[in-house]
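Subject: Structure for your review

Hello,

Here is the structure I said I would pass on. My notes on it follow below.

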Amino acid sequence: MFRLDPFLIGLICTIFLATVLPCHGAAVPVFQWLAILVIALMFFLQGARLSRRAVLDGVMAWRLHLIILACTFMLFPLLGLAAHALAPGLLQNDVWLGILFLCCLPSTVQSSIAFTSIGGGNVPAAVCAATASNIAGIFITPFLVGMVISKHGGASGNVLDIVFQLLLPFILGQLLQPWIGGWAHRNKKLLSLTDRGSILIVVYTAFSEAVMQGLWHRLPLSQLALIALVDFLLLVCVLLVTAYGSRMAGVPLRDEIAIVFCGSKKTLASGVPMANVLFPPASVGLIVLPLMIYHQIQLFVCAVLARKFASMTQKNAESLPAAGGPQKE
C-alpha cells in the first residue's frame, strides 16, 4: 500500500523538467494555448463519460450526498479559513491561496471508490456521491474560489474563461454522451492516459512560468514541510469529523465508510486545470503545490484507514450469525 502513485512520479518529473528546462520566449504562448485546449478537452471527455443515469443517481440518495457535499464545500473551506486566520504568517501568500483553493475543490472519483471498496463500504453510494461532487464542483468551485480567495489577497479568473474552458466543454460532452459515451467507456484506460497527459502539460506550463518568476528562490524547503503539515492537519480534521459525525448521526458503517473517503478527498485531476483557469499564470505553480502534496498524503493515510475499516466490517459480518440475528452496523 505504501508506494508512490505513478502519476505523482510523473508530476515530480514534470516539475523537475520545468525547473531545468522551462519553456520561454516564443514557446510560452504555444504552451499556454496548448494548456487551454487540453483543459477544454479534459472537461469535454468528463461530460462524455458521465452517463445520464449516473447524474440522476447522484441526486437520488440525497441524505448521504448532502453530508458529503457539506464536508467538501463547507467544512473544508471553513477549516482553511480558520487555519489562515490562526496563522496567516505561517505560509507565503500564494501558498495560502493554494491551501484555500484546495479546500474549495470537489472530491476525487477513482480513489474514493477504490478505498470505499477496500474498506467494505457502500460502493454504489460512493460512486454516486463522488460523481455528484465532481459535477457540483464544476459549478461550485469557481464561485467558492471567488468568495473565499478574493477576500484574502487573491485574484480569481474571468467568468468567461471559466464558462468557455470548463462549463461549456462539460455540457457539450454531456449533450453528445448518447452518441460517444459508449466509445468513451470502452476506451477508459486510453482516455485516463489522455487526462493525465493533459495535466502534465498544464503543470509544465504553470511551473515553467513560476520558475521564470523565481519560484525556487522564493520557496525555501521549510515551506514545503509546513505545507505538508497544514495539509496533513486538514485531512486529519476532516477524517475525524466525518467518522465521528457519522456515528453520532447513527449512519450505518457501510455508509460511514463512503462518507469518510468521499468527504475527505480532493481531486488533483480537476484541480490543476481549474487552477490554470482561475489564477494568473505566474501564481499557478505555487498555488497547486499544496494540492499535489495533499494528493499523496491522502493516498497514504486513506490506505491505512481502508485496512482498518475492512477489519471492522469483517468483524461486523462475523458477529451477525453469532448474535442470532441482524445487528445495526
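Leu-175 is exposed, with a relative accessible area of 52%; here exposed means over 50%, buried under 20%, and partly exposed in between, with a 1.4 Å probe and only protein chains counted. Please note that this is a predicted model, in which local features need pLDDT of at least 70, side-chain atom pairs count only at pLDDT 80 or more, and totals for chains, interfaces and linings use all residues. Residues are numbered from 1 along each chain as its sequence is written, and side-chain values use heavy atoms, with hydrogens and water left out.

Surface patch. Leu-175 sits in helix H8, residues 159–186 (helices are DSSP runs of H or I, at least four residues, numbered from the N terminus). Together with Ile-171, Leu-172, Leu-176 and Trp-179, Leu-175 makes up a nonpolar surface patch with about 530 Å² of accessible area. Members of such a patch have over 30% relative accessible area and no salt bridge, and their nonpolar side chains (Val, Leu, Ile, Met, Phe, Trp, Tyr) are joined within 5 Å. A salt bridge is a side-chain nitrogen of Lys or Arg within 4 Å of a carboxyl oxygen of Asp or Glu. Areas come from the Shrake-Rupley method with a 1.4 Å probe.

Asn-187 lies in the loop between H8 and helix H9 (188–212) and is partly exposed, at 23% relative accessible area. Its side chain reaches the backbone oxygen of Trp-183 at 2.8 Å, a polar contact (N or O atoms within 3.5 Å, one able to donate a hydrogen and the other to accept it). The C-alpha atoms of Asn-187 and Arg-49 are 9.9 Å apart, although 138 residues separate them along the chain.

Helix H13. This helix (residues 268–278) is largely enclosed by the rest of the structure, because 10 of its 11 residues are buried. Among them are Gly-271, Pro-273 and Asn-276. At the N-terminal end, Thr-267 caps H13, with a side-chain oxygen 3.1 Å from the backbone nitrogen of Ser-270.

Cores. The largest nonpolar core has 76 residues, of which Phe-101, Phe-207, Phe-261, Phe-279 and Met-292 touch the most other members. Its largest share, 16 residues, comes from helix H14 (residues 281–323). A second, separate core of 10 residues includes Ala-125, Ala-129, Ala-258 and Cys-262. A core here is a set of buried Ala, Val, Leu, Ile, Met, Phe, Trp, Tyr and Cys residues joined through side-chain atoms within 4.5 Å.

Cysteines. Cys-302 is buried, at 0% relative accessible area, whereas Cys-13 is partly exposed, at 47%.

Regards

Definitions and conventions
Patch = residues over 30% accessible without salt bridge, like charges linked within 9 Å, V, L, I, M, F, W, Y side chains within 5 Å. Helix = DSSP H or I, 4+ residues; strand = E, 2+ residues; numbered from the N terminus.
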